[in-house]
Amino acid sequence: MRGRSHNRPVSAEENPTNGVAATPAGPQPEPIRFFGTTWVDHSGGYAARRAGVAAGSLVAAAAACFALRFAYDGLQIAEVGSFVSLLVVVMFAICSALAFRHTWSAFSTRPDPDRQATLRGLLTIGFIGSLLAYFFRSLTEAPGEKLRRAEYAQAREEYDRRVTRRSGNPSKKRRRS
């Protein structure tokens, strides 16, 4: 028995693009986590997403502090001593401060991948600092928007320069005398 095709023929009226995607020519904006590409023109619920990201990161940081409080209480119950308890508190404070600084600077410049790999453990321990940096940045813009906007504008400018330089029929150019 011969199988039937599940595809039906589509007329030109139903598919005016003939299967070609309707994306504009040139560089495309890089999506940002939780925002996609709505940061370009601040559409698609951009303000609500920013408020949600700010609230979510603050709630996550508060929940993380609450969980660390349980860990500290566990150290007190285990009677490990005041030196170890102080060491744990200082370690989390320093790691959180370093993670905040690293995350904050990553919003304005691209981090080096090798350095990022070496700091992975420190950033994991100081995750509260990263969450707070995300919260504070999302109060003014989508985290990383300024960097991506500058990169996108530069890419568009370079693309426009290349396209305008090549436009026209080269055989119809006037010769320079």
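Which backbone nitrogen does the side chain of Ser-57 reach? The side chain of Ser-57 reaches that of Phe-135, at 3.4 Å. Before going on, please keep in mind that this is a predicted model, in which local features need pLDDT of at least 70, side-chain atom pairs count only at pLDDT 80 or more, and totals for chains, interfaces and linings use all residues. Residues are numbered from 1 along each chain as its sequence is written, and side-chain values use heavy atoms, with hydrogens and water left out.

Ser-57 sits in helix α1; helices here are DSSP runs of H or I with at least four residues, numbered from the N terminus. Ser-57 counts as buried because its relative accessibility is 5%, where buried means under 20% relative accessible area with a 1.4 Å probe and protein chains only. Leaving aside neighbours within four places in sequence, Ser-57 is in contact (heavy atoms within 4.5 Å) with Leu-131, Tyr-134 and Phe-135.

Now follow α1 itself. This helix has 33 residues and reaches 48 Å from its first C-alpha to its last, close to the 48 Å expected at 1.5 Å a residue; the expected span is 1.5 Å times one less than the number of residues. Its buried residues include Tyr-46, Val-53 and Ala-61. After α1 comes Glu-79, with a positive phi near 55°.

Arg-50 is also in α1. Arg-50 is buried yet has no salt bridge, and the nearest side chain of opposite charge, Glu-145, is 5.9 Å away. For a salt bridge, a side-chain nitrogen of Lys or Arg must be within 4 Å of a carboxyl oxygen of Asp or Glu; Lys and Arg count as positive, Asp and Glu as negative, and His and the chain ends are not counted. Not counting residues up to four places away in sequence, Arg-50 touches Phe-35, Leu-139 and Glu-141, among others.

Next, look at the largest nonpolar core, which has nine residues, including Ile-32, Trp-39, Tyr-46, Phe-107 and Ala-133. The elements giving two or more residues to this core are α1 (46-78) and α5 (127-138). Such a core joins buried Ala, Val, Leu, Ile, Met, Phe, Trp, Tyr and Cys residues through side-chain atoms within 4.5 Å. Beyond its neighbours within four places in sequence, Ala-133 is in contact with Phe-100, Thr-103, Trp-104 and Phe-107.

Finally, turn to α2. Among its buried residues are Cys-95, Ala-99 and Thr-103. What covers the buried residues of α2 includes α1, α3 (113-118), α4 (120-125) and α5.

Methods. Buried means under 20% relative accessible area, exposed over 50%, partly exposed in between (1.4 Å probe, protein chains only). A polar contact is a pair of N or O atoms within 3.5 Å; within protein, one must be able to donate a hydrogen and the other to accept it, and residues adjacent in sequence count only if both atoms are side-chain atoms.
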